Amino acid sequence: MTDYLFDPPEVFSLEVAGAAARYPVARIFCVGRNYAAHAAEMGNEVDREAPWYFTKQVAHAVHGGETRPYPPGTENYHHEVELALTLGAPVFRAGLKEAAAAIHGYGVALDMTRRDRQQDGKDNRRPWSLGKDVEGSAVLAPITPAKDFEPIEDKEIILTVNGETRQRARLGEMVWSCAEIVAHLSHYYHLEPGDLIMTGTPAGVGPVGPGDHLRGEIDGLAPVELTLIDAE
Ligand code: MN
């Protein structure tokens, strides 16, 4: 057995509905601006030339249902509810058909964001890490196998804060389909099982604070929940 100076982190994994084996998460990719109405509310036009991405460390992923302190370094922490997808096969330089076939499952996710720090990055042409790669900011619900969820287009995605609806859209409103995203991203990475892609948020993002209870729902998937408490 390898002798480590300290205990290495445990593998972060998600429950898969109807399966005994869990999905171990190795990498988290996130799509920017994938709903036209959200791009508009952020002051951007949707770019149909190509999807684009940022990443979150798996170390910053948490399971739905957790209670987390309000993060340091922000006064404008935002909710973004998203469809996440997982992969069941390697995908590299793939076309749409191969990409679609490689999708293993889907889950509801929250891409929690320090909007003020993301705006700093935009203003100063610097990376978004402080805005997006926040501890506890990738909140992930259990995964449902693709065959039990597809077709996805008519399914509704909703985020409520303390029971009040803040975001509501149909998955068919996504600018880039799941297969298009997987195929495109596969021209930059050797995608493989363990990768998880958060596919972007619909309009209605906004701030949350200590005491707020967030619940993200997509028809047919297990919901994701997050409770925020006072900062440490
Ligand atoms: Mn997002």
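**Cysteines, sheets and a covered helix**

A search of the whole structure, a predicted model, finds 0 disulfides.

Biologist: How far is the sulfur of Cys-30 from the closest cysteine sulfur?

Modeller: A disulfide needs two cysteine sulfur atoms within 2.5 Å. For Cys-30, the closest cysteine sulfur belongs to Cys-178. That is too far for a bond, because the distance is 14 Å.

Biologist: Is Cys-178 buried or exposed?

Modeller: Buried means under 20% relative accessible area. Cys-178 has 4% relative accessibility. So Cys-178 counts as buried.

Biologist: And Cys-30, buried or exposed?

Modeller: The cut-off is again under 20%. Cys-30 has 0% relative accessibility, so this cysteine counts as buried.

Biologist: How many of the residues of helix α5 are buried?

Modeller: Helix α5 spans residues 178–185 and is mostly covered. Its buried residues are Cys-178, Ala-179, Ile-181, Val-182, Ala-183 and Leu-185.

Biologist: Which strands and helix are included in what covers the buried residues of α5?

Modeller: Contact here means heavy atoms within 4.5 Å. The cover includes one helix, α2 (96–102). It also includes the strands β3 (27–31), β4 (53–56), β8 (81–87), β9 (103–111) and β15 (195–198).

Biologist: Which strands are at the edges of the open sheet of 5 strands?

Modeller: The order is β6-β18-β17-β13-β14, with mixed pairing. Each edge strand pairs on one side only. The edge strands are β6 (66–69) and β14 (164–170).

Biologist: What does the twist average from one strand to the next in that sheet?

Modeller: Take the open sheet of 5 strands, β6-β18-β17-β13-β14. From one strand to the next, the twist averages 15°.

Biologist: What is the bridge partner of Val-161 in β17?

Modeller: Strand β13 (residues 156–161) pairs with β17 (residues 213–218). The two pair in the antiparallel sense over 5 bridges. In β17, the partner of Val-161 is Leu-214.

Biologist: Which strands stand at the edges of the open sheet of 3 strands?

Modeller: The order is β10-β7-β16, with antiparallel pairing. An edge strand here has a single partner strand, so one side is left without a neighbour in the sheet. The edge strands are β10 (113–114) and β16 (206–207).

Biologist: What is the bridge partner of His-79 in β16?

Modeller: Strand β7 (residues 77–79) runs antiparallel to β16. The two are joined by 2 bridges. In β16, the partner of His-79 is Gly-206.

Technical notes:
Residues numbered from 1 in each chain as written. Predicted model: local features only at pLDDT ≥ 70, side-chain atom pairs only at ≥ 80, totals over all residues. Heavy atoms only, no water. Pairing = 2+ DSSP bridges. Helix = DSSP H or I, 4+ residues; strand = E, 2+ residues; numbered from the N terminus. Axes fitted to C-alpha atoms, helices over the stretch in contact; angles between N-to-C directions. Buried < 20%, exposed > 50% of the residue type's maximum accessible area, 1.4 Å probe, protein only.
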